[in-house]
Number of protein chains: 2
Amino acid sequence: MSHESPTFSPLYRQIKALILQALETGEWRPGQAIPSEQELAARFSVSQGTVRKAIDEMAAENLLVRKQGKGTYVASHNDPRALFRFLRLVPVDGELSSPQSIPLDCWRAKAGQEASRMLAIEPGASIIIVRRLLKFSNKPVVIDEIYLPGELFQGLSAETLQGWHGSLYSLFESRFGVRMIGAQERIRAVAADRGASDALKVPEGTPLLSVERVTYTYGDRPVEWRRGLYSTAEHFYLNELN
Amino acid sequence: MSHESPTFSPLYRQIKALILQALETGEWRPGQAIPSEQELAARFSVSQGTVRKAIDEMAAENLLVRKQGKGTYVASHNDPRALFRFLRLVPVDGELSSPQSIPLDCWRAKAGQEASRMLAIEPGASIIIVRRLLKFSNKPVVIDEIYLPGELFQGLSAETLQGWHGSLYSLFESRFGVRMIGAQERIRAVAADRGASDALKVPEGTPLLSVERVTYTYGDRPVEWRRGLYSTAEHFYLNELN
DNA sequence: AAGTGGTCTAGACCACGTC
DNA sequence: ACGTGGTCTAGACCACTTT
């Protein structure tokens, strides 16, 4: 194996890229087991240790999940543990309960300047906008406005959302084959306007968390842009720094 | 090597614990190089690969920093790269500039209920309280109130803070031997009270981010509790979700 | 018993930084 | 030239799950 200098990429990263590619093309689907390390080693003609290192990195990135004695699985948003990876909201006191997602609106539009920049699509391209409410213990806590590229989410409608019980990302994954694997959130404090005050049942002007999120799929391609307003009277945004 | 079942801990974790212990006792200090993998392998009578795996984990936890060709170093808050690991504040537009820390007050007190719970010390134990302002490009952006266990930070005074140029954590590390290695932040939105409005030069009632942080040293021991109020007019809190 | 991931070892060689 | 971390291999054995 020759290791040419400027573009040197170790073997295990090339293997990683190949596995990634198989995930992207849907050869192995979320929730399913991928082939064993031995099989992959044979397939790619490398040692098991090299496959192992590739998988190690992907497990650290939450793309794969290892289960000793069973196998290695493609991570899925159907797994309830995955929910709080993207929703870092915790009640001030009391147990961590699962929220209920209530779709309010869903319509099509053309991408404006901001949406086109955030989603890396042409201005004027088709987008879908979803507004939805998140309730914890039957109390409204988050109001979200979500922008999706129309091309990837063809057929998404209010009815689709109504009929789905589970997280949005598990819907996107199951119905549209779009897997969210990372995101960047920009957080500020804002005053509740009329709309937010109505939806969240708080007085106008109440300080709220504004959480702007760009979500990425494989290859760091942005596929969702959303803005959430969080009522932090009884919840807070929890962040671990390591 | 026998691997008794219920309390089984792999060898590389035991090595990790030993290295951790050496860090804790100050055998190797922040910024310094630790012995080479070969030396450590000899010292602990294991293979280099086992030491390597222990160090891998500690590098992933930002306790050690590997530098190919040079050696492995103890992570330090003197390293300017470490600053934004704990200060996730980014200007809306413009370059990422380093903030200026301006100490306002520093006094001793007895731990109340909340401080004693957060710092895991006895109620009534001695604590030190610091108030300080953070300026970016000479504009006030963050006002912090910081609670420290008096026992660990004996001799910390307003003069100490005045004379220090660098981050607080690099001061704590250099002068008091206390290394911050992780933290948990609870974020909410609040309205600026009189004090915050004065310090941050914003109208009373302006929505601000309230960031409560508990910071941990080795062994997950809490050693700092602080509350910051962030003005998010020209900055936002940036969080990466993976 | 068989198959999976997890650990541990030993040795060879490569890439990087320093002397 | 030398020492450091980084990669790759091959083989042995352990722990966990399923058959």
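Predicted model: local features only at pLDDT ≥ 70, side-chain atom pairs only at ≥ 80, totals over all residues.
Reader: What residue follows α7(B), and what is its phi?
Author: Helix α7 of chain B covers residues 168-176. The residue that follows α7(B) has a positive phi: G177(B), near 65 degrees.

Reader: Let's turn to the pair of chains. What rotation superposes chain A on chain B?
Author: The superposition comes with 0.0 Å of shift along the axis and an RMSD of 0.0 Å, and its rotation is 180 degrees. That is the relation of a two-fold axis.

Reader: Why do the copies meet through the same surface?
Author: The contact takes 25 residues from chain A and 25 residues from chain B. The copies meet through the same surface because the interface residues of chain A are also interface residues in chain B, to the extent of 100%.

Reader: Which element gives the most to the side of chain A that touches chain B?
Author: The contact takes 25 residues from chain A. The elements giving two or more residues to that side are α4 (83-86), β7 (182-191), β8 (207-217) and β10 (235-241) of chain A. By class, the side of chain A that touches chain B has 13 nonpolar, six polar and six charged residues. With 10 residues, the element that gives the most is β7(A).

Reader: And in β10(B), which residue is the bridge partner of I187(A)?
Author: Here the pairing goes from one chain to the other: β7(A) and strand β10 (residues 235-241) of chain B run antiparallel and are joined by five bridges. Within β10(B), the bridge partner of I187(A) is Y237(B).

Reader: Which residue in β5(A) does R108(A) stand opposite?
Author: Strand β4 (residues 100-110) and strand β5 (residues 126-136) of chain A pair in the antiparallel sense, over 10 bridges. In that pairing, R108(A) stands opposite I128(A).

Reader: In the hairpin of β5(A) and β6(A), which residue in the turn has a positive phi?
Author: Strand β6 (residues 139-149) of chain A runs antiparallel to β5(A), and 10 bridges join the two. Across this pairing, K135(A) stands opposite P140(A). Two residues lie between the strands, and the one in the turn with a positive phi, about 50 degrees, is S137(A).

Reader: Which residue in β8(A) is the bridge partner of Q184(A)?
Author: β7(A) and β8(A) pair over 10 bridges in the antiparallel sense. In β8(A), the bridge partner of Q184(A) is V214(A).

Reader: At roughly what angle do the axes of α2(B) and α3(B) cross?
Author: Helix α2 (residues 37-44) and helix α3 (residues 48-60) of chain B have axes that come within 8 Å, crossing at roughly 110 degrees. That makes α2(B) roughly perpendicular to α3(B). The residues of this contact divide into five nonpolar, two polar and two charged. The angle, then, is roughly 110 degrees.

Reader: Last one: is E204(B) buried or exposed?
Author: E204(B) is found in the loop between α8 (194-200) and β8 (207-217) of chain B. Not counting residues up to four places away in sequence, E204(B) touches A192(B), R194(B) and S197(B). E204(B) has 12 of them, so E204(B) is exposed.

Methods: Residues numbered from 1 in each chain as written. Chains lettered and ligands numbered in written order. Least-squares fit on C-alpha atoms with pLDDT ≥ 70 in both. Contact = placed C-beta atoms within 7 Å. Pairing = 2+ DSSP bridges. Helix = DSSP H or I, 4+ residues; strand = E, 2+ residues; numbered from the N terminus. Axes fitted to C-alpha atoms, helices over the stretch in contact; angles between N-to-C directions. Parallel < 35°, antiparallel > 145°, perpendicular 65-115°, else oblique. Nonpolar A, V, L, I, M, F, W, Y, C, P; charged D, E, K, R; others polar. Buried ≥ 20, exposed ≤ 12 C-beta atoms within 10 Å, placed from the backbone.
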